[in-house]
Amino acid sequence: MESHGRSGRSWSKSRSAVDDLQFFHVVASSETLTAASRELGCSLPVVSKRLSALERRLGVRLVQRGARRLVLTSEGELYAARVTAILDQVRELEDTVTDTAGALRGSVVVEATLGLGRAHVAPLLGEFAAAHPGLHVRMQTSALPLRPHQREFDVAVHVGIPPDSSLRMRRLARNRRVPCAAPSYLARHGTPAGIEDLARHNCIVLRENESDFALWRFGDADGPRQVRVHGTLSSNDGDVVTGWALEGRGVIMRSEWHVRPYLDRGELVRILPHLSTPAADVYALLGEDGHVPRRVSALVDHLAAHLPPRLGQAADTRGAG
C-alpha cells in the first residue's frame, strides 16, 4: 500500500509538472498576464498566484513585475524555450501514436492577416471543420508581424515571402500587388504614365507588418524598380485604404486578390499596366521541425485546393517551399 501511495504521488507530481509547462507556455506566449488569463479561462489573480507558486518552486523569477507588457527575465526566456521544445515533443509523440487512417482529431491553430483571413480563409476553415467534427479549429487574425519564434500557430497564411526563412512554406495561391485608383480620381488628376509620375499623386499607404510601406516596388528580380510615394492618407487596415481609393481620394497599391472584384466592375482602374510588379504569393507557413501532424497537412491541402478558385485561379498543385 505504501509503495502504491508513493507511485500515486509520483504520478500526481508528474501531471502537475506537465500542467505547469502548459501554463507557462501560454503565459510566455501572451502580451500581458491579462491576455494569458483570458486564454487560460481563469481570473487574473489566479494566474498571478499560480505564476508566483511556479517561481517559488523553481527558485527563480520568470517574469518581470511592473512592466505594462509581459517581459520575461533571462531565466524566463530560457525556461520558455525549453518548455516549448518539451511540449512539441509531447505533441509529436501523441500525434505519432494517434496519426492513423482514422478521423482527424485534436486542434489546429491558424493565423492569417485581417483582410485575407476574413474574406477567404475563415470560410474555408468553416468548411474544413464541418467535414471533420473531431477537430477544433481556432483562427486568429492580426495586422501585426508574425512572431514565428513563439510558435503561436500550427499554420500561418501569409501574403508574400516571410522574413523568417527558417519556416517551411507551401504556396497556396499566386498573387501580385497592383497599383490602382478610382476613375473619378484619375479624371481629376490624370493617369500616371510612369512610376516617376507617382511622385505628384496622392498615394494612400497601407502600413502593414514592418516593411518600408511607402516604398512601392515594380519590375522583377531581373529589373527591379522602386519609388517612394507620399500622400495625405494612410492606415494599417487594408479595407480602409481600399475604401478611400473607391471614394476617389488617391492611388493605392494592393494585392490583386483583394482589388480584382473592383477592377472587374470598373470601380477601380489599374494604372501602369505595362509595368510588372513583384510577386506577393499566398503561402502556408509551418514550423521548422520535421513532423507535421496529419490534421495540419490535411488542412493545408484543403486551403491549397480551394483558395485559388475563390481568387479566380486554378489550384497550384506544385506548391513551393
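This report walks through the salt bridges of the structure above.

## Ground rules

The model is predicted, so to speak of local features a pLDDT of at least 70 is needed, side-chain atom pairs count only at pLDDT 80 or more, and totals for chains, interfaces and linings use all residues. Residues are numbered from 1 along each chain as its sequence is written, and side-chain values use heavy atoms, with hydrogens and water left out.

## Salt bridges overall

Side chains of opposite charge can pair when their charged atoms come close. Here there are 11 salt bridges (a side-chain nitrogen of Lys or Arg within 4 Å of a carboxyl oxygen of Asp or Glu). Among them is a network that links Asp20, Arg50 and Arg57.

## Pairs across the chain

Arginine 69 and glutamate 31 form a salt bridge, with 2.2 Å between the closest N and O atoms. Arginine 69 sits in the loop between α3 (44–58) and α4 (74–98), and glutamate 31 in the loop between α1 (2–28) and α2 (33–40), 38 residues apart. Helices (H or I, at least four residues) and strands (E, at least two) are DSSP runs, numbered from the N terminus.

Arginine 170 meets aspartate 301 at 2.6 Å, N to O.

## Exposure of the partners

Buried means under 20% relative accessible area, exposed over 50%, and partly exposed in between (1.4 Å probe, protein chains only). Arginine 69 is exposed at 53%, while glutamate 31 is partly exposed at 27%.

Arginine 61 pairs with glutamate 55 at 3.5 Å between the closest N and O atoms. Glutamate 55 is buried at 6%, whereas arginine 61 is partly exposed at 47%.
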